[in-house]
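Hello,

Here is the structure I promised to pass on. Have a look at it first, and then read my notes below.

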Amino acid sequence: MADVVVLGQIGCDVVVHEGQRRELLGGKGANQAVALTQLAVPVALVGVVGDDGAGREVRQQAAADGIDVGAVVLRRSSRTAVLTDLVGADGDRRLVEDVPAETLLTVEDVHAAAGLLAAARGVSVQLQQPGDAVRAALDLAPAHALVVVDGAPADERTRTALLARAHVVRADAREAALLVGRELDGVDDARAAAAELLSAGPRLVSLATGPAGDLVAWRAGPPLGSAGEGGAGPRWTDGEVLVPLLGDDPVDPTGAGDASVAALTTALLRGEGPEDAAWAAGAAAALTVGHAGGRPRLTPDRVSEQARRGRAG
């Protein structure tokens, strides 16, 4: 049985780098699920692919990665999402997304995965999915589960629901601006936005601030991942850390956020404190941007070593 259930986009990631073309399992949901399996977390993926060759191929790739794909829907009369990542020799990058509406989750798709959700220790929801499907997932997540949301919803009703239910919110700069309803410029704005989001319900918020790195802030309380038992531990008093962009010579930012979410979720479920979890998330992102395409290349040891070197620096 899966420890973590990921709900999100699945597609065919076409990477064109210096004239070489590769087709890989991709999409934000799939990338998170792959990263979790690489970090030794049993994971199930809930998403949609088309009833075509590409859909069957990426579903098989996910299964070969060790992901439970029993709740991956093969949507008849639809084609699979194609995410084309063009990376030039000079580092210039362009992402072209072809995501048919039929490959987004419906409420019925989420309800079909209710058994998986009921048994999960963690639920990760990618917010590029329709609001009604996101709300259904939040409603079905068991009370004991760590709920992580990534991105920003398109509607106010879903924003209210996720802030009331999610333990962890992760957003890039654009998504953070949507969450708080104003543009953010730099670390001080991100700090104010994090405080606003934390006051609305989540326990930990991770916001990208641009070149300065990621601001991770948290509220005191029981350790996340502990089913809410006991009082605040010594590592879970109010706090924050600014994790700089780690690693050298980034090639492609695709998938950095997905790897970050996976590492953050893994660390919290394993009982690590918020600061350690924040550095693990930064390390996983750094290990992912060093190659073209969003597919992560993680191991627990590589993440630990990258985090150690980053903190030492």
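Let me start with Ala 40, which counts as exposed because its relative accessibility is 54% (exposed is over 50%, buried under 20% and partly exposed in between, with a 1.4 Å probe and protein chains only). Ala 40 sits in the loop between α1 (28–38) and β4 (43–50); helices (H or I, at least four residues) and strands (E, at least two) are DSSP runs numbered from the N terminus. Pro 300 is 260 residues away from Ala 40 in sequence, yet the C-alpha to C-alpha distance is 7.7 Å.

A word on the source: this is a predicted model, in which local features need pLDDT of at least 70 and side-chain atom pairs count only at pLDDT 80 or more, while totals for chains, interfaces and linings use all residues. Residues are numbered from 1 along each chain as its sequence is written, and side-chain values use heavy atoms, with hydrogens and water left out.

Next, the pockets. On a 1 Å grid over the protein atoms alone, a pocket is an open set of points with protein on both sides within 12 Å along at least five of seven lines, a cavity is a set where a 1.4 Å probe fits but cannot get out, and lining residues have an atom within 4 Å of a point. Points are joined across faces, edges and corners, and a volume is the space filled by probe spheres set on them.

The largest pocket holds about 1100 Å³. It has 40 lining residues, and Pro 253, Thr 254, Gly 255, Ala 256 and Gly 257 are the closest to its centre. Helix α9 contributes the most to this lining, with four residues.

The second largest pocket has a volume of about 230 Å³. Of its 14 lining residues, Ala 267, Glu 272, Ala 280, Val 303 and Ser 304 lie nearest the centre. Here the largest share, five residues, comes from α11.

There is also one cavity of 30 Å³ or more, lined by Ser 206, Asp 214, Val 216, Val 243, Ser 260, Ala 278, Ala 281 and Gly 282. Three of the lining residues come from α10, the largest share.

Finally, helix α6 (residues 156–165) has Thr 158, Arg 159, Leu 162, Leu 163 and Arg 165 as its buried residues. Asp 155 caps the N-terminal end of α6, with a side-chain oxygen 3.4 Å from the backbone nitrogen of Arg 157 (a polar contact is a pair of N or O atoms within 3.5 Å; within protein, one must be able to donate a hydrogen and the other to accept it, and residues adjacent in sequence count only if both atoms are side-chain atoms).

Best wishes
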